[in-house]
Amino acid sequence: MRLPHEQRRVFLEEIVYLRAERGRYRLMAREEALSYSAQLKARLRADGCNRAIRSLRNVWDGLLGVARQAAEDALAAEADGLRRRFGDWPRWPRRPA
C-alpha cells in the first residue's frame, strides 16, 4: 500500500527537514566552545526532532493501516456480494467423511 503522492511528498519533506535540524543540533551539542547549558539545549532540541520524526512515522503507519483496512474491506464486500449473487462458491464435490 502506498499513500497518495501529495501526502507522501509532504511527509518526506518534513522528515528530511527534521533530520537536517537534528544533525545541526547534534553538531552544536558536540561543540566544545559552547557553554554546558547551550550544549544541553542543543541536545534537547535534537531529542525533540527525534520525537517529531517518530510521531510522523507513526502517523504515516496509521494512514497506511487505514488504507490497507479499506482495501481489505472492499475485497471482502466484493466477495460477499459475489457469494450472495452466485451462492457459496466454489462448489466442489465434498469428500465422504
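Angles between axes that are over 145 degrees count as roughly antiparallel, whereas those under 35 degrees count as roughly parallel. The model discussed here is a predicted one. Two packed helices are described by the angle between their axes and the distance between the axes. In this model, helix H1 spans residues 5-30 and helix H2 spans residues 36-86. The two pack at an angle of about 160 degrees, and their axes lie 8 Å apart. H1 and H2 are therefore roughly antiparallel to each other. The crossing of H1 with H2 is left-handed. Sorted by class, the residues of this contact comprise 16 nonpolar, three polar and nine charged ones.

Attention may now turn to the aromatic side chains. The structure holds one aromatic pair. Its members are Phe11 and Trp60, arranged edge-to-face, with 5.5 Å from centre to centre and 65 degrees between the planes. This pair links distant parts of the chain, since Phe11 belongs to helix H1 and Trp60 to helix H2, 49 residues apart. Both Phe11 and Trp60 are buried.

A further arrangement involves a charge and a ring. The charged end of Arg24 sits over the ring of Tyr25, at 4.9 Å from the centre of that ring.

Ala71 and Met1 are separated by 70 residues in sequence, yet in space they are 9.0 Å apart, C-alpha to C-alpha.

Definitions and conventions
Residues are numbered from 1 along each chain as its sequence is written. This is a predicted model: local features need pLDDT of at least 70, side-chain atom pairs count only at pLDDT 80 or more; totals for chains, interfaces and linings use all residues. Side-chain values use heavy atoms; hydrogens and water are left out. Axes are lines fitted to C-alpha atoms, for helices over the stretch in contact, and angles run from 0 to 180 degrees between N-to-C directions. Helices (H or I, at least four residues) and strands (E, at least two) are DSSP runs, numbered from the N terminus. Angles under 35 degrees count as roughly parallel, over 145 as roughly antiparallel, 65 to 115 as roughly perpendicular and the rest as oblique. A crossing is left-handed if the near helix is turned anticlockwise from the far one by less than a right angle, and right-handed if clockwise. Ala, Val, Leu, Ile, Met, Phe, Trp, Tyr, Cys and Pro count as nonpolar, Asp, Glu, Lys and Arg as charged, and the others, Gly among them, as polar. Rings of Phe, Tyr and Trp (its six-membered ring) pair if their centres lie within 6.5 Å; planes under 30 degrees apart count as stacked, over 60 as edge-to-face and the rest as tilted. Buried means under 20% relative accessible area, exposed over 50%, partly exposed in between (1.4 Å probe, protein chains only). A charge sits over a ring if NZ of Lys or CZ of Arg is within 6 Å of the ring centre and within 35 degrees of the ring normal.
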